[in-house]
Amino acid sequence: MFCHLRSVISLPTARHKKWLYFGWLLLIFGAFLLILPFDARAQDPVIWSKAENLSLSPTSSRHPAIVADDYGNVHVFWSEELLATDPDTADGGSGRIGIMYMRWDGERWTLPVDIIVSPGDARADFIAADIAPDGRLHAVWGGQSDFYYSTANVSEAGNPNAWGEPKILAGNNARSSRESGITIDEQGVIHVIYATRGSLAGVYHISSEDGGTSWRDAEQISSGLSSAEAGFANVRIVNDS
């Protein structure tokens, strides 16, 4: 008796093909997870601290600005009505709108102190600030009709006397809602944008290459207003270097 051996090949059915397809998908997905960085695969949930009242002011506080230096300190500015009976205000107490300041050193906040008022102007509002590579703070803000600039060493920012005499960078009713921005590039060039109203309404850029001592002529970077537009606001500038 002879026995013939015969190989039998079973072709996959449609059902088997379906499971093979899903198996390959699972294999590819598993390999993808293995090559991902660990922190991309499993991240802790973001937890925010509770809100903390920094100003603790008896009057309104508004329009804050924040900037951090290379040493981990966080510098915070805002505008506040200065009480006329407060002997510690920057100009002896006048009831003006002044700029307040405090700093976070990684562990605690300093006490708030008013550092800037606009000379001959009842307002100092909508401050914007940045820190230069040499460690100086540069700030711009709006008054009732003029646009101002000042600077101080970052380590002395909480001392009103450390800030330079405010300079007027622009007039023509420059103040508008959140009207300015400032950034400083790696070469130390200060770039400022601001919005104006009036007959020369627009968004303008102005820069300084010598730490704020002198400034180039302002250049309008916006187009003119159309008949349906009332003005410019909420301007911002950022440096990507």
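Biologist: How far apart are the closest N and O atoms in the salt bridge of Glu 107 with Arg 108?

Modeller: This is a predicted model, in which local features need pLDDT of at least 70 and side-chain atom pairs count only at pLDDT 80 or more, while totals for chains, interfaces and linings use all residues. Residues are numbered from 1 along each chain as its sequence is written, and side-chain values use heavy atoms, with hydrogens and water left out. A salt bridge requires a side-chain nitrogen of Lys or Arg within 4 Å of a carboxyl oxygen of Asp or Glu. For Glu 107 and Arg 108, the closest N and O atoms are separated by 3.5 Å.

Biologist: Are Glu 107 and Arg 108 buried or exposed?

Modeller: Buried means under 20% relative accessible area, exposed means over 50%, and partly exposed lies in between (1.4 Å probe, protein chains only). By these limits, Glu 107 and Arg 108 are both exposed.

Biologist: Which residues are linked with Arg 123 in a network of salt bridges?

Modeller: Arg 123 forms a salt bridge with Asp 125, their closest N and O atoms being 3.0 Å apart. Asp 125 has a relative accessible area of 0%, so this residue is buried. The network that contains Arg 123 also includes Asp 125 and Arg 62.

Biologist: Why does Glu 209 count as exposed?

Modeller: Glu 209 forms a salt bridge with Arg 216, with 3.0 Å between the closest N and O atoms. Glu 209 counts as exposed because its relative accessibility is 54%.

Biologist: How many aromatic pairs does a search of the whole structure find?

Modeller: Rings of Phe, Tyr and Trp (its six-membered ring) pair if their centres lie within 6.5 Å; planes under 30 degrees apart count as stacked, over 60 as edge-to-face and the rest as tilted. Searching the whole structure on this basis, the number of aromatic pairs is seven.

Biologist: What is the arrangement of the rings of Trp 104 and Trp 109?

Modeller: The ring centres of Trp 104 and Trp 109 are 5.4 Å apart. Their planes stand at 50°, so the pair is tilted.

Biologist: Why is the pair of Tyr 194 and Tyr 204 stacked, and which strands hold these residues?

Modeller: The ring centres of Tyr 194 and Tyr 204 lie 5.7 Å apart with planes at 15°, so the pair is stacked. Both residues are buried. Strands are DSSP runs (E, at least two residues), numbered from the N terminus. Tyr 194 is in strand β10 (residues 190–196), and Tyr 204 is in strand β11 (residues 202–208).

Methods:
Helix = DSSP H or I, 4+ residues; strand = E, 2+ residues; numbered from the N terminus.
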